[in-house]
Amino acid sequence: MTTMTEQGVTGPHPRGQVFGQRVLDNVAQVLVGKEAVTRLALAGILAGGHVLLEDAPGTGKTMLARALAASLGLKFTRVQFTPDLLPSDVTGVSIYRPGPASFEFMPGPIFTGLLLADEINRATPKTQSALLEAMGEGQVTESGVTHRLARPFVVIATQNPVEHEGTYRLPEAQLDRFLLKLSVGYPTLEDEVEMLGRLQGQHPIESLGAVTGPEELLAAQRDVRGVFVAADTRRYMASLSAATREHPMVTLGGGPRASLALQGAAQALAWLGGRPFVTPDDVQQAAAGVLPHRLSLKIEARLQGLNGEGVVQEVLTRVPVPVETGAARP
């Protein structure tokens, strides 16, 4: 058992390495050469957050969500977001029963373990907002009655960054609810050749089994929250968020929720790496997925070809990295 004090921690954290490698190896049966994005997505889930996947069609966004759900032993539900989708189609609706003369709540697809909100930006803002309470508070309120969602509960949403006709841009408040925004990316030539060989017959997702379960995932999430974060590392994370707010090309930077998300993702990456404490490398790796989608840029930035990822890279080079994390102090 790892011991934690204000001065530091002692002892390895191999359980995270074993847990993570089991999941990564299982997902790799479906997605070839995507260990980096899988690790970050898994870190987001372990931090208790939700993940937005933005990439071109056919890059494996849906497969990543399905493979993670299968590997973690979570009940999987997919909702195809369209302009005519209603909030009640996601959350559920109360139906009047003449016999007992009362209303009965019929749960919607959001009552699941892992919800895939496919092409989320194709639904209207009203339907998009139906996810906010569930993602933030883990509950659904319908007709004045609150219904708790089972834990663990994860939302993985997808959207296409190049096709904007018939879509509704996610507002900043909605984007901020996603702990991470990731891109799967195209495979390398060799990975694509291997993928063609694997998928020549039956798709491996059809037979992909679970390597863990909901109870072990909840225990892993508790372990992640216990990963030690030194005072200078906390200051480093807060300084990164503050630096995005002060950047001359940014109108809206990362707020306190961004700092909390950065800490949670960094803790999860440290746990997956077998470390009982967070290092600056964990913070920098997490920042690439945590911060860019929380930034609103000035028009001048877009004219210069600068995006959120570029701003975060600039911030990472400017903010001093703590030399002593405090983790190894006696």
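At what angle do the axes of helix α1 (residues 14–27) and helix α9 (residues 214–225) cross, and within what distance do they come?

Reply: This is a predicted model, in which local features need pLDDT of at least 70 and side-chain atom pairs count only at pLDDT 80 or more, while totals for chains, interfaces and linings use all residues. Residues are numbered from 1 along each chain as its sequence is written, and side-chain values use heavy atoms, with hydrogens and water left out.

The axes of α1 and α9 come within 11 Å and cross at roughly 135°; axes here are lines fitted to C-alpha atoms, for helices over the stretch in contact, and angles run from 0 to 180 degrees between N-to-C directions. Helices are DSSP runs (H or I, at least four residues), numbered from the N terminus. The angle makes α1 oblique to α9, a term for whatever remains once angles under 35 degrees count as roughly parallel, over 145 as roughly antiparallel and 65 to 115 as roughly perpendicular. The crossing of the two, α1 and α9, is left-handed, meaning that the near helix is turned anticlockwise from the far one by less than a right angle.

On the α1 side the contact (heavy atoms within 4.5 Å) is made by Arg15, Phe19 and Arg22, and on the α9 side by Glu216, Leu217, Ala219, Ala220 and Asp223. By class, the residues of this contact of α1 with α9 comprise 4 nonpolar, no polar and 4 charged, where Ala, Val, Leu, Ile, Met, Phe, Trp, Tyr, Cys and Pro count as nonpolar, Asp, Glu, Lys and Arg as charged, and the others, Gly among them, as polar.

Phe19 also belongs to the largest nonpolar core, which has 68 residues, and together with Leu46, Leu64 and Ile156 is one of those with the most contacts inside it. Such a core is a set of buried Ala, Val, Leu, Ile, Met, Phe, Trp, Tyr and Cys residues joined through side-chain atoms within 4.5 Å, buried meaning under 20% relative accessible area with a 1.4 Å probe and protein chains only. The largest share of this core, 10 residues, comes from helix α11 (residues 256–272).

Leucine 64, for its part, lies in helix α3 (residues 61–71) and is buried, with a relative accessible area of 0%. Leaving aside neighbours within four places in sequence, leucine 64 is in contact with Val27, Leu31, Val37, Thr38, Ala41, Leu53 and Val184. Of these, leucine 53 is 11 residues from leucine 64 in sequence and 9.4 Å from it in space, C-alpha to C-alpha.

Conventions. Buried < 20%, exposed > 50% of the residue type's maximum accessible area, 1.4 Å probe, protein only.
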